[in-house]
Amino acid sequence: MKRRTKLILAAGYVLTFVFVLVATCFIQNYGVGGDSFETSAGLPVLYVNYQETQVNKMNAYVTPIDCGYLRESVSLLDSDGSITFQVISNGHTPVSLGYTLSDAANEYVTEEGTVQAVSSGESGAGGYRLTFKNPLVEDREYCLTLTLADSEDQVYYFYTRVISGQDYRLSDKLDFVWQFNQNTMDPDMSGTVGDYLETSGLNDNSTFADVDIYSSTSMVMWGGLEPAVTGTMATTIKAISADAATIQLRYKVQIYQDASDYTEYYVDEYYTIQWDNNVWHLRDFHRSLSEIPGTSGFEISSNMLRLGVVSPEETGLLAGETGDGYSAAFVMDGRLWYYDVGNNILTCVMSMDPDDSAACSGDYPYGIKALDIASDGTLYYIVYGYMTGGSHEGENGIAVYVFDPSKNTIQEQAFIPSDRGYEMLMMDVEKLAFMNDNHQLYLCLNDIVYRIDYMTGQAREVIEQLDIENYKLSGDGTILAMPSSPTAQDADQILVYYLDTGQTRTIQSEGKVMRLLGFFQNDIVYGTADPSRVYEDSVGTQIVPMDTLYIADSELNVVRQYSVEGQYIVNVRLNETTVDISLARAVEENGRTVYENMPGDYLVHNEKETEEDIYLTTVDDATMRSETYIQLPSSLSSEVLAGEAVVRDSGEIVFEIDGTAKPAQKYYLYTGDGLYQDYTSLVEAIEDCTQPTGLVVSESKQIVWEKSIRSSEYRTSFNSISQGDMITSVVSAICAYEEGKESVSVDSSMTLSQALAANLTEHTVVNLRGLSLDDVLYFVYADRPVIAQLRENEFVVIVGYNPYYLQVADPSTGEISDWNYETYSQVFEEEGNIFLSYY
């Protein structure tokens with residue numbers, strides 16, 4: 001998503017929060033006892049001990065979570081089929097270590113048992129070696145759950161994925177990554193580092209907060225900053241195959257301004273490497289840098305509070321006008337900060353990372369989001385993911401807190417446990433979390449939107465099923481809109497929810513299909529279409545030719561209307577102040593209505609933007625490049641008074657919420673740095689994978705697509721197709737190849753997509769329309785032939801490929817032959833890249 005450098009944030013700004021619950025969950029209102037939020041990292045920690053090197057840190061959970069969705073690390077078995085663990089007990093006395101091995105989706109248990117303790121001479125104190133009873137299937141991932149029992153009868157759960165295989169060369173891959181990291185800090189190795197980069201204009205080299213494989217060699221080499229690594233460097237293997245691996249490094253550095261003055265930074269690096277033609281290739285590299293406030297941090301100059309080198313998007317700045325003037329909340333270095341602008345007081349509200357100078361931010365999977373700043377300055381916020389301290393230490397879920405700046409205290413209002421990991425919660429946080437002026441929380445739980453009032457103990461279901469692909473939020477987050485049905489033909493209304501007041505209204509047009517297009521700030525944009533013109537093309541894509549486009553204000557009064565006589569609106573794109581409109585006219589062709597593209601048009605919609613008094617901006621620095629600042633409303637002292645909040649106790653209220661609704665089929669996109677987002681459209685998930693690596697996983701936890709894993713050539717064993725009716729021939733050939741069916745049933749009224757879905761009963765048919773040929777060839781590599789449209793109702797089946805040719809089964813001839821790759825890539829593109837496959 002593109003973001004402007006200047007991020008304007010209003011007092012009523014919404015930070016989204018969603019998480020997925022187990023079938024029944026409880027929201028518990030606990031007070032956190034004691035004088036402080038304890039973050040001493042007092043729970044045990046497990047590492048994989050690979051050739052005397054600790055990798056793949058695993059945190060202790062006190063309640064189990066569903067590891068089928070976790071892709072935090074993968075551990076390779078040793079050549080003898082065993083795996084060794086190192087336990088850091090942190091004051092606990094381990095008694096036993098058990099294990100459960102399950103399939104990659106964590107749906108059935110393969111085996112379970114006890115892990116053998118080994119002497120300190122073999123792996124050091126606290127060592128355990130696991131040898132499975134049965135050999136693992138090579139190159140197949142499994143989920144491994146480890147259960148550590150201590151002398152106090154407390155059980156802790158740890159998770160990693162495991163894989164077995166020959167010639168994985170993990171030592172060589174780790175050595176490459178570690179050496180590359182060292183080379184970036186050695187000026188004499190500039191040429192070596194530069195040879196692996198893909199320096200281009202895709203990275204503007206403006207900030208050290210975001211450096212990647214497309215950056216200049218100078219930026220990757222730290223631009224002369226001479227960083228010094230402090231503490232330990234954490235290594236995590238995120239993914240691995242025989243030829244490739246994605247490896248993460250986390251560490252701290254000190255960068256000196258002079259002999260005695262330095263600033264500390266957290267560093268997070270991702271490497272994707274591949275062994276190809278006896279040469280190592282760096283397929284992806286990304287480094288993020290985040291400043292740790294110290295003695296030189298949080299200085300004020302020219303009406304700006306300096307945050308330093310940090311990604312503006314990750315600060316989550318929330319500003320509000322209060323009785324004393326203004327207040328702002330932001331997240332930095334794993335801590336939540338609150339700035340009372342009028343009194344020039346900056347408070348560290350909460351720190352979830354342990355107080356350990358050797359630890360790295362991100363060692364614990366959690367996030368903090370500010371929700372609302374009330375008129376009296378009270379801050380409402382959430383902490384989600386793994387709880388590093390307090391009464392919920394070791395649990396996974398969401399805690400709701402209130403910070404009272406007048407008393408300098410924080411109070412926990414609610415805790416919602418979840419059996420899905422931090423990445424799932426982080427993804428869902430970006431959907432919906434809104435707190436109105438009555439302190440009612442709107443949360444999306446398992447794609448159901450609830451309004452939760454923890455002050456009165458009431459919870460109410462607001463939206464039974466959130467349409468995650470089609471819902472829209474207004475600019476200030478107070479209005480949510482979604483079509484009445486995810487199926488275009490049935491969407492005869494637009495449902496509008498006013499989250500600030502609880503009111504619900506509808507937009508409808510008698511006898512028309514409604515299509516929600518988006519928002520201009522708080523103005524809603526939608527279109528209408530004749531339901532008789534809505535149709536599904538041959539591969540199952542819904543086409544909605546709209547006759548009229550509308551722009552309505554927040555009260556649903558139409559302020560703009562657009563239509564063209566004899567033409568239809570087939571696509572709309574909303575920009576900052578304009579609407580780009582694609583037009584077409586209906587023509588008859590071979591007894592069918594088709595839509596012929598016409599010159600497009602646009603609308604200018606200038607909504608007056610409100611200038612905010614507090615917002616993020618960037619300032620160029622001669623040494624550190626671009627730095628992030630908070631622009632303030634008035635002149636202040638150059639020194640900021642600092643404080644730290646304390647915790648107070650509270651009572652308890654319990655909400656029982658039933659989150660059992662079955663969500664629609666979803667796809668989860670994982671990029672090099674973890675879970676990115678969920679989708680109901682597989683095509684959108686694949687299109688959003690802009691990094692050189694990434695994979696898409698289905699709701700059933702099956703890998704559906706991978707970006708960089710396929711080889712340069714592959715040929716399936718698909719070897720015959722009959723000549724005859726296009727749809728029948730293609731469906732028969734696919735079903736015979738995949739499910740061994742000797743006959744199929746195809747109705748003449750069926751589209752190819754419908755016929756294939758009706759007969760390929762053991763698989764899921766997917767529409768890949770719009771994807772490039774390169775992207776869809778993964779399905780061929782995964783032994784799933786791809787159906788491609790040459791012309792309307794003319795199809796072929798791609799059954800193999802190499803850099804020069806496609807192996808194509810043609811039902812018009814009944815033959816399989818080589819087709820020129822480049823030529824037919826262009827043919828498919830001109831037709832609209834209409835593809836079908838399955839998984």
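The structure examined here is a predicted model, in which local features need pLDDT of at least 70 and side-chain atom pairs count only at pLDDT 80 or more, while totals for chains, interfaces and linings use all residues. Residues are numbered from 1 along each chain as its sequence is written, and side-chain values use heavy atoms, with hydrogens and water left out.

A sheet comes next. Helices (H or I, at least four residues) and strands (E, at least two) are DSSP runs, numbered from the N terminus, and two strands pair if DSSP finds at least two bridges between them. In the order S5-S4-S7-S11-S10, 5 strands form an open sheet with antiparallel pairing. Its edges are S5 and strand S10 (116-118), each of which pairs on one side only. Neighbouring strands of this sheet are turned by 35 degrees against each other on average, direction ignored; the axes behind such angles are lines fitted to C-alpha atoms, for helices over the stretch in contact, and angles run from 0 to 180 degrees between N-to-C directions.

Within this sheet, strand S4 (residues 45-50) may be followed in detail. Accessibility is classed as buried under 20% relative accessible area, exposed over 50% and partly exposed in between (1.4 Å probe, protein chains only). Because 5 of its 6 residues are buried, S4 is largely enclosed by the rest of the structure. S4 pairs with strand S5 (residues 53-59) in the antiparallel sense over 5 bridges, and valine 45 has asparagine 59 of S5 as its bridge partner. These two strands form a hairpin with 2 residues between them, and glutamine 51 in the turn has a positive phi of about 50 degrees. S4 also runs antiparallel to strand S7 (residues 82-88), to which 4 bridges join it. In that pairing valine 45 stands opposite isoleucine 88, and valine 48 stands opposite phenylalanine 85.

Most residues other than glycine have a negative phi. Asparagine 106, with phi near 60 degrees, is placed in the loop between strand S8 (94-103) and strand S9 (109-114); its 28% relative accessibility makes it partly exposed. Asparagine 833 has a positive phi of about 50 degrees and is found in the loop between helix H11 (821-831) and strand S61 (835-838). At 11% relative accessibility, asparagine 833 counts as buried.

Charged contacts complete the picture. A salt bridge is a side-chain nitrogen of Lys or Arg within 4 Å of a carboxyl oxygen of Asp or Glu, and the whole structure contains 21 of them. In the pair of glutamate 699 and arginine 420, the closest N and O atoms are 4.0 Å apart. Glutamate 699 lies in the loop between strand S53 (695-698) and strand S54 (703-706) and arginine 420 in the loop between strand S28 (409-417) and helix H6 (422-429), so the pair ties together parts that are 279 residues apart in sequence. Glutamate 699 is buried at 19% relative accessibility, and arginine 420 is buried at 11%.

Arginine 505 forms a salt bridge with glutamate 555, with 3.3 Å between the closest N and O atoms. Since arginine 505 lies in strand S36 (residues 503-508) and glutamate 555 in the loop between strand S41 (548-552) and strand S42 (558-562), this pair ties together parts 50 residues apart in sequence. Arginine 505 is partly exposed at 26% relative accessibility, and glutamate 555 is partly exposed at 44%.
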